[in-house]
Amino acid sequence: MNITTICTNMKERIMKCIKKWLAFFGKPFTRLFLLVLTCVIIITACTIVYMVDPSKFQITPPCYLRYFTGLYCPGCGMTRALHCAMNLRFIDAFSYNLLWPFIITFISISLYMWFSFLVTGRSPFIPFNRLLKRHSSVAYVFIALLFAFWILRNIPVYPFTLLAP
């Protein structure tokens with residue numbers, strides 16, 4: 001067997017698996033169950049983040065990038081920032097993670113796409129693909145902003161140390 005045959009067989013197996021999963025998720029009862037389950041998980045997570053102060057009690061696993069390298073990732077301090085924002089302490093939220101509004105926007109769009117699929121059963125990616133084709137620079141700016149923030153918050157010089165959580 002040559003590499004082309006192996007790749008073709010693997011691609012066919014992956015496509016069969018994807019079709020099975022899409023058929024499974026296409027059933028209305030499955031989508032209703034996932035909708036309810038998603039709502040319960042989101043409400044539970046938001047309640048925990050609102051009620052429990054992550055700076056006093058660790059409710060999430062530690063950041064492994066920080067643990068192994070000593071560097072802050074763009075998400076370091078996000079749980080503490082969300083806790084402060086949910087308790088209307090926005091200055092503290094920005095001190096923990098400056099990008100929390102952007103990341104909340106990204107999570108909200110992702111949840112909108114997921115709920116759109118669960119309610120309608122149609123792919124939510126088609127309108128977003130059209131939007132990103134027209135305005136592809138938005139995605140590139142967001143990625144550049146994320147990497148710039150990641151680099152700058154790890155520079156141990158005064159103005160940049162304010163970006164660390």
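This is a friendly conversation about a predicted model and the terms used to describe it.

Colleague: What should I know about the numbering and the predicted model?

Modeller: Residues are numbered from 1 along each chain as its sequence is written. In this predicted model, local features need pLDDT of at least 70, side-chain atom pairs count only at pLDDT 80 or more, totals for chains, interfaces and linings use all residues, and side-chain values use heavy atoms, with hydrogens and water left out.

Colleague: What pLDDT does the protein average, and which elements have the lowest and highest mean?

Modeller: pLDDT is the predictor's confidence in each residue, from 0 to 100. The protein averages 87, and 99% of the residues score at least 70. Helices here are DSSP runs of H or I with at least four residues, numbered from the N terminus.

Colleague: Which residues of α4 are buried, and what covers them?

Modeller: In helix α4 (residues 78-86) they are M78, A81, H83, C84 and A85. Their cover includes α2 (28-51), α5 (90-96) and α6 (100-120).

Colleague: How do you know how α2 runs relative to α6?

Modeller: Their axes come within 8 Å and cross at roughly 150 degrees. Axes are lines fitted to C-alpha atoms, for helices over the stretch in contact, with angles from 0 to 180 degrees between N-to-C directions. Angles under 35 degrees count as roughly parallel, over 145 as roughly antiparallel, 65 to 115 as roughly perpendicular and the rest as oblique. Therefore α2 is roughly antiparallel to α6.

Colleague: Which residues meet there?

Modeller: R31, L34, L35, T38, C39 and I42 in α2 meet L111, W114, F115, F117, L118, V119 and T120 in α6. These residues divide into 10 nonpolar (Ala, Val, Leu, Ile, Met, Phe, Trp, Tyr, Cys and Pro), one charged (Asp, Glu, Lys and Arg) and two polar (the others, Gly among them).

Note on methods: Buried means under 20% relative accessible area, exposed over 50%, partly exposed in between (1.4 Å probe, protein chains only). Helices (H or I, at least four residues) and strands (E, at least two) are DSSP runs, numbered from the N terminus. Contact means heavy atoms within 4.5 Å.
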